[in-house]
Amino acid sequence: MTLPVRRALTATATTGLLLLAASACSDDSPAEQTPATDSTSSASGQPQTSVSASASGSDRRTPMDIRVTIDGRPVDATLNDSPAARDLASLLPLTLDLEDFHGTERIADPPRKLTTEGAPEPAAAKVGDIAYFAPWGNLAIFYKNGPSASQDLLILGHIDAGADQLSGAGRITIEAAS
């Protein structure tokens with residue numbers, strides 16, 4: 001190959017690689033866009049940050065109201081905006097029989113495992129939290145505060161019901177709010 005041809009090919013290859021790299025890093029690519037942050041400010045005047053920076057796994061940027069019925073009694077509830085919570089919402093309506101686990105939570109198996117991609121920072125479950133235990137693929141409704149935070153336990157939302165009602169729950173129906 002002659003020197004001018006070799007230089008032309010090298011220049012073309014370099015330009016192509018630069019264009020490819022620029023395209024991969026471009027804000028125009030939907031797969032590569034980062035989520036927009038909330039532009040509201042807290043009382044201190046500092047911008048608020050995403051859910052993953054919050055102390056409680058039950059906090060949510062965009063809550064999703066759901067209808068929950070526990071043993072025939074309706075209660076208010078919300079799901080957070082995590083990928084696992086959205087995956088659970090895609091399965092609604094669900095009616096599940098609950099059983100006790102370790103005197104802390106009521107558990108049931110959804111029809112399939114939920115996604116765990118993009119999981120929020122681990123948080124310890126609190127009374128009323130709806131959670132997903134990824135290794136077993138089960139849902140948990142906590143009627144006592146749970147153990148310390150774990151990568152395996154994803155907080156999906158919260159049920160506004162007392163520990164007494166949750167601890168004896170035998171059947172739960174979860175539906176999308178209209």
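1. Two strands pair if DSSP finds at least two bridges between them. Helices (H or I, at least four residues) and strands (E, at least two) are DSSP runs, numbered from the N terminus. This is a predicted model, in which local features need pLDDT of at least 70 and side-chain atom pairs count only at pLDDT 80 or more, while totals for chains, interfaces and linings use all residues. Residues are numbered from 1 along each chain as its sequence is written, and side-chain values use heavy atoms, with hydrogens and water left out.

2. The sheet is open and has 9 strands in the order 3-9-1-2-8-6-7-5-4, with antiparallel pairing. Strand 3 and strand 4 (99–101) are its edges, each pairing on one side only. From one strand to the next the twist averages 30°; axes are lines fitted to C-alpha atoms, for helices over the stretch in contact, and angles run from 0 to 180 degrees between N-to-C directions.

3. Strand 1 (residues 64–70) runs antiparallel to strand 9 (residues 171–176), and 5 bridges join them. Within this pairing, Ile70 has Ile172 of strand 9 as its bridge partner. Helix 2 packs on the sheet, where it touches strand 1, strand 2, strand 3, strand 7 and strand 8. The direction of helix 2 makes about 60° with that of strand 8.

4. Strand 1 is also joined to strand 2 by 7 bridges, again antiparallel. Ile66 has Ala77 of strand 2 as its bridge partner. The two strands, strand 1 and strand 2, form a hairpin with 2 residues between them, and Asp71 in the turn has a positive phi of about 50°.

5. Helix 2 (residues 83–90) has Ala84, Ala85, Asp87 and Leu88 as its buried residues (buried: under 20% relative accessible area; exposed: over 50%; partly exposed: in between; 1.4 Å probe, protein chains only). These residues lie on the same side of helix 2 because they cover an arc of only 160° around the axis, the arc being that of the directions from the helix axis to the C-beta atoms. They pack against strand 2 (73–79), strand 3 (94–97), strand 7 (138–142) and strand 8 (153–160), contact meaning heavy atoms within 4.5 Å.

6. A nonpolar core is a set of buried Ala, Val, Leu, Ile, Met, Phe, Trp, Tyr and Cys residues joined through side-chain atoms within 4.5 Å. The largest has 29 residues, and Ile66, Val68, Ile70, Leu156, Ile159 and Ile172 have the most contacts inside it. At least two residues of this core come from each of strand 1, strand 2, helix 2, strand 3, strand 6 (129–133), strand 7, strand 8 and strand 9. A second, separate core has 8 residues, including Ala125, Phe142, Leu153 and Ile155.

7. There are 2 aromatic pairs; rings of Phe, Tyr and Trp (its six-membered ring) pair if their centres lie within 6.5 Å, and planes under 30 degrees apart count as stacked, over 60 as edge-to-face and the rest as tilted. The Phe101 and Trp136 rings have centres 5.4 Å apart and planes at 90°, so this pair is edge-to-face. Phe101 lies in strand 4 and Trp136 in the loop between strand 6 and strand 7, so the pair ties together parts 35 residues apart in sequence. Phe133 and Trp136 are also edge-to-face, at 5.1 Å centre to centre and 75° between the planes. Phe101, Phe133 and Trp136 form one aromatic cluster.
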